[in-house]
Amino acid sequence: MPDYPTLSVTLLGAGQEVGRSCCVLQYRGKTLVCDAGIHPAYNGMASLPFVDELDWSTVDAILITHFHLDHAASLTYIMEKTNFKDGSGKVYMTHPTKAVYKFLMQDFVRMSSNSADALFTPLDLSMSLSDIIPVSTHQLITISPGLSFTPYHAGHVLGACMFLIDIAGLKILYTGDYSREEDRHLVKAEIPPIRPDVLIVESTYGVQGHEKRDEKELRFTSLVHSVIRRGGHVLMPVFALGRAQELLLILEEYWKKHPDLHNVPIYYASNLARKCMAIYQTYIHTMNSNIRSRFAKRDNPFVFKHISNLPQARGWEKRISEGPPCVVLATPGMLQMGPSRELLELWAPDPRNGLIITGYSVEGTLARDIVNEPEEIAGVKGNTIPRRISVDYISFSAHVDYPQNAEFIDLVKAQHIVLVHGEQMAMGRLRGALQQRYKDREEVKIHTPRNLETLKLTFRGERVAKAIGTLAANPPKPNSILSGLLVSKDYSYTLLDPRDLRDFAGLSTCIVTQRQKIVIGVGWELIRWHLEGMYGKVEEGLDQSGAPTMRVMSAIDVKHTQEHELTLEWESSASNDMIADSCLALILGIDKSPASVKLTTHNHSHDHAHPHADVHEDELIVRIQRLAMFLEAHFGEVELHMPEGSQDPTSGKDDAVTDPPGLLIQLDEAGAFINLVTMTVESSSESLKKRIEAVLDMALTTVSSLSESYTSDVPLVVEVETSEKVKADVAVDPTQADDPPVAKEERNAVFDSKLPNADEAVGGEGQENGDDSDGTEDDGILQVHG
């Protein structure tokens with residue numbers, strides 16, 4: 001089975017639960033962690049994600065979607081109390097998130113410093129803050145080669161984002177908490193322009209639907225007004241930042257429209273929120289058009305006329321309880337402790353008072369339990385308090401409901417959907433609804449992993465190489481072969497011509513010329529005889545220094561540099577090195593060869609041609625004869641078809657194409673024609689055609705010498721000049737009829753300067769460095785002068 005790359009998704013938190021979000025992504029040796037929160041229902045170490053299950057020194061980056069505690073509060077612990085800093089990991093969040101996160105965590109440390117369950121100190125927080133890298137939405141961040149991400153607006157709270165992550169070409173969209181509804185100050189979540197392979201999405205509300213915004217706001221303001229009319233106090237537990245700002249904008253607008261409420265104060269019991277309001281005003285440009293247009297008119301929406309911050313003097317809760325009706329927004333939103341819990345215990349026995357739960361409440365918290373309207377509630381000190389306060393739930397939660405979530409999933413079009421940040425029952429219902437929705441699309445898979453349950457997703461991606469530069473100038477035709485350098489960078493592939501390497505890849509090429517000197521005790525002619533026997537045609541001439549030189553397979557120069565010395569010279573490559581090794585072995589074994597002994601035993605006045613050497617007569621005729629003999633051995637009589645008045649098969653003229661020469665084969669009742677120009681087979685019998693094609697392929701390989709087989713794709717051009725005129729004998733392979741005629745080599749010639757010189761350094765492919773003295777490229781053409 002092929003070893004396809006596997007993406008591992010492990011939840012250290014928020015797996016079939018809400019709280020302590022922490023998602024680990026591992027793919028192709030990269031490790032990424034999305035969010036690092038705490039569980040609001042627990043304290044101390046119990047509130048952390050399962051941090052012991054990961055070697056944090058291997059983490060490449062931690063991405064924080066927004067500043068809420070259930071997504072960011074364990075970050076300092078991970079950075080300072082684990083081995084995270086032993087590695088090279090980085091931490092990223094948006095600019096507004098980092099600004100708010102600083103104040104939020106300072107408040108968190110202050111609240112927990114008096115407890116034995118404190119997770120870290122103010123010093124730990126200060127040290128970790130300096131290592132957090134702020135980023136902007138739509139900014140492409142490359143963490144390391146093959147690992148990058150882009151943040152997109154997620155709605156929810158100021159600075160919240162979703163991350164489109166790219167790991168070695170695999171696209172993963174991690175939403176965090178997001179909202180698709182544009183409210184009074186935030187934009188709605190964006191749809192990334194790139195389709196991801198995997199979508200990791202929240203499932204907080206399961207299949208529930210939110211109330212329409214206008215109806216919800218009307219019910220909210222009417223409920224607040226009714227509690228005020230009956231002389232009670234209104235308590236709204238909220239998170240310090242997020243939905244609280246939205247509620248303040250709604251109340252401010254309602255108070256402006258109702259003068260009878262101007263004497264009823266609205267208090268925001270959060271010193272943290274007062275500090276962070278400056279951050280909201282700083283990042284006006286990240287909010288929706290309504291806020292930006294008001295701010296442009298010098299109407300700052302976050303400067304409230306009817307809302308004030310509570311004084312921080314001790315005992316203010318009791319003084320407000322004994323005072324006239326008022327509205328108080330107090331933290332924390334889950335009623336665990338702090339001002340909201342103290343006010344609830346003071347106001348719970350009075351039926352005139354009202355409690356309004358405005359956001360999502362995590363299971364196991366008092367905010368979730370009190371929605372069921374119990375007769376009694378437990379006090380922080382363990383006492384029992386009767387509950388007569390009215391309790392209402394109006395969700396202003398900035399999480400998507402089912403219709404919004406389903407629409408978003410449809411638009412994203414991911415193959416794998418991983419549900420996180422949802423209670424088991426709600427997540428199960430959502431999974432069932434989505435499976436029903438996509439029952440006709442088998443490729444869409446829905447996953448609901450539990451904490452510490454590793455989800456493995458296998459992807460069989462196609463590797464695509466983009467041709468650029470010179471190779472892209474002429475689009476390739478079907479079935480054509482495109483050759484070039486394959487450059488791999490950050491898991492992407494590019495195909496380019498070696499001459500374009502410097503321009504497009506910033507790299508340069510060079511050619512390594514190797515030389516090997518050996519001592520010989522045999523004659524030059526005997527060496528040539530053996531080389532021709534092994535490699536077929538061998539080119540012979542003189543190099544620039546006048547040394548007799550033979551070129552083997554257009555790759556290896558064998559030079560007679562001294563009386564008993566040979567020098568082998570070649571441009572290093574995998575194939576050339578192999579040929580050079582074989583040449584060296586052949587030459588070193590010449591004096592021990594029985595053929596050498598027989599050849600040199602008697603003096604004679606005639607040459608011995610090696611039986612395996614290339615024939616230097618009419619190569620075309622010899623080649624066709626050999627081919628016909630091979631085919632006759634398989635199919636019987638073969639007839640040569642040469643139409644009268646037709647051009648030579650090497651001419652390349654039009655009539656050579658319309659009525660080409662060929663070989664006729666008749667087998668039983670079926671016949672076939674082999675075109676000697678294109679070397680293609682035509683036959684009415686498909687089975688005979690396939691048989692002949694297979695035999696023809698073997699025949700072409702068999703009748704060609706080793707040299708011809710090696711250099712057939714790039715024919716060697718030799719120009720022969722005399723003092724009077726240019727003589728050229730045409731020698732063309734019938735398989736290359738469209739190529740220009742090539743001239744035949746003559747012996748006792750002097751090699752041109754394009755032959756590598758032993759004293760010169762050879763430049764890059766195509767002579768990128770401009771070292772050619774004549775200003776031309778070394779195109780592999782060998783010129784000899786008579």
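Trainee: What covers the buried residues of α12?

Mentor: This is a predicted model. The cover includes strands β9 (161-167), β10 (170-174), β11 (198-202) and β20 (416-420), along with helix α13 (424-437).

Trainee: Which residues of α12 are buried?

Mentor: Tyr402, Gln404, Asn405, Ala406, Phe408, Ile409 and Val412, in a helix that covers residues 402-412. Buried means under 20% relative accessible area, so these residues fall below that cut-off.

Trainee: Why are β6 and β22 said to stand at the edges?

Mentor: Seven strands form an open sheet, ordered β6-β5-β4-β3-β2-β1-β22, with mixed pairing. β6 (132-135) and β22 (455-458) each have a single partner strand, so one side of each lacks a neighbour in the sheet. On average, neighbouring strands are turned by 25 degrees against each other, direction ignored.

Trainee: How do you know that β2 and β3 pair?

Mentor: Pairing needs at least two bridges. Five join β2 (residues 22-27) to β3 (residues 30-34), so they pair. The two run antiparallel, and Val24 stands opposite Val33 in β3.

Trainee: Which strands does helix α3 touch?

Mentor: Helix α3 (residues 95-112) packs on the sheet and touches β5 (90-94) and β6. The direction of α3 makes about 100 degrees with that of β5.

Definitions and conventions: Residues numbered from 1 in each chain as written. Predicted model: local features only at pLDDT ≥ 70, side-chain atom pairs only at ≥ 80, totals over all residues. Heavy atoms only, no water. Buried < 20%, exposed > 50% of the residue type's maximum accessible area, 1.4 Å probe, protein only. Helix = DSSP H or I, 4+ residues; strand = E, 2+ residues; numbered from the N terminus. Contact = heavy atoms within 4.5 Å. Axes fitted to C-alpha atoms, helices over the stretch in contact; angles between N-to-C directions.
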